Amino acid sequence: MTAIETSRLLLRPWQPDDLAELTRLLTDPEVTRYIVLSEPFTPKDVAEVAARTLEQWEHNGFGPWVAIEKATGRWVGRIGLNEIRDWPGPEKVEVGWELHQEFWGRGLATEGGRASMRYGFEVVRLARIMSATMATNAASRRVMDKCGLRFQGELHLPETVVAWYAIDRVHWLASQASHLDRVGAQEGRQVAAVGLPVPSVEAGRIGLGVGATGLVGGDEMVK
Ligand SMILES: CC(C)(COP(=O)(O)OP(=O)(O)OC[C@H]1O[C@@H](n2cnc3c(N)ncnc32)[C@H](O)[C@@H]1OP(=O)(O)O)[C@@H](O)C(=O)NCCC(=O)NCCS
């Protein structure tokens with residue numbers, strides 16, 4: 001299992017003692033407002049989320065990370081790639097984020113989300129990454145926008161409306177190259193996109209997937 005760093009976050013693999021923080025996160029009604037459709041998470045549900053997280057790392061080689069604030073060592077939340085097996089479309093890997101309330105509004109979900117996408121495209125070499133949330137979850141949709149994901153449409157479920165976003169690797173690489181061009185222009189020099197790969201061309205819950213390598217070259221800091 002791999003850990004990566006951004007400007008402010010350490011995204012590290014799961015450990016058994018993360019269960020207490022995960023329980024605090026998923027039993028906060030403000031955090032689960034747009035995740036839980038009916039019954040709140042029970043301790044058994046939380047344990048299943050943790051087990052599914054570890055299973056993804058073991059079988060897929062990726063999964064959600066624990067986000068730690070580097071400056072303080074505090075447990076921020078859960079950010080990363082997540083396979084949604086029952087998603088009704090071909091793209092099953094989403095990028096997702098759930099943070100303790102005390103960390104909201106500082107650009108951390110965007111910072112971690114961008115790093116997760118870089119990992120997904122550059123290391124896992126996914127062809128496409130998606131993200132889905134309740135259509136009313138404006139903050140999460142804004143994070144999707146800021147991560148470069150593009151609105152794809154709405155899914156009308158019996159219980160709620162889900163908005164979903166996606167981007168494929170070709171477009172993501174193009175956006176990274178144009179970012180490098182902009183940086184180069186700002187610095188008055190040409191930046192060649194050297195080294196970039198050649199593009200060839202759970203029940204009742206939304207987005208939780210239930211039922212330091214020095215990799216992150218870009219500065220994922222936002223705000
Ligand atoms: C969604 C969540 C991860 C965002 O985390 P965050 O670190 O605060 O996100 P960021 O600071 O990177 O960006 C949030 C953006 O949404 C905007 N935003 C926040 N609340 C908003 C609202 N009610 N309406 C519109 N925009 C809103 C912020 O202004 C910011 O955009 P800006 O940078 O253009 O100002 C966090 O609120 C959270 O953990 N929520 C509960 C769990 C959840 O719903 N996860 C998603 C499930 S799919």
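**Close-up views of a predicted model**

**View 1. Helices α1 and α2 cross in a right-handed way.** Helix α1 (residues 19–26) packs against helix α2 (residues 43–60) at about 120°, and their axes are 10 Å apart. That makes α1 oblique to α2 (under 35 degrees is roughly parallel, over 145 roughly antiparallel, 65 to 115 roughly perpendicular, and the rest oblique). Axes are lines fitted to C-alpha atoms over the stretch in contact, with angles from 0 to 180 degrees between N-to-C directions. Helices (H or I, at least four residues) and strands (E, at least two) are DSSP runs numbered from the N terminus.

A quick note on the model: it's predicted, so local features need pLDDT of at least 70 and side-chain atom pairs pLDDT 80 or more, while totals for chains, interfaces and linings use all residues. Numbering starts from 1 along each chain as its sequence is written.

**View 2. The ligand sits among 23 surrounding residues.** A residue makes the list if its C-beta atom, placed from the backbone, lies within 6 Å. The closest are A109, T110, A138, A139 and R142. β5 (93–99), α3 (108–122) and α4 (138–146) each give two or more residues to this shell, and α4 has the largest share, with 5.

**View 3. Strand β5 runs antiparallel to β4 (residues 75–83).** The two are joined by 7 bridges (pairing takes at least two DSSP bridges). G77 has L99 of β5 as its bridge partner.

Conventions: A crossing is left-handed if the near helix is turned anticlockwise from the far one by less than a right angle, and right-handed if clockwise.
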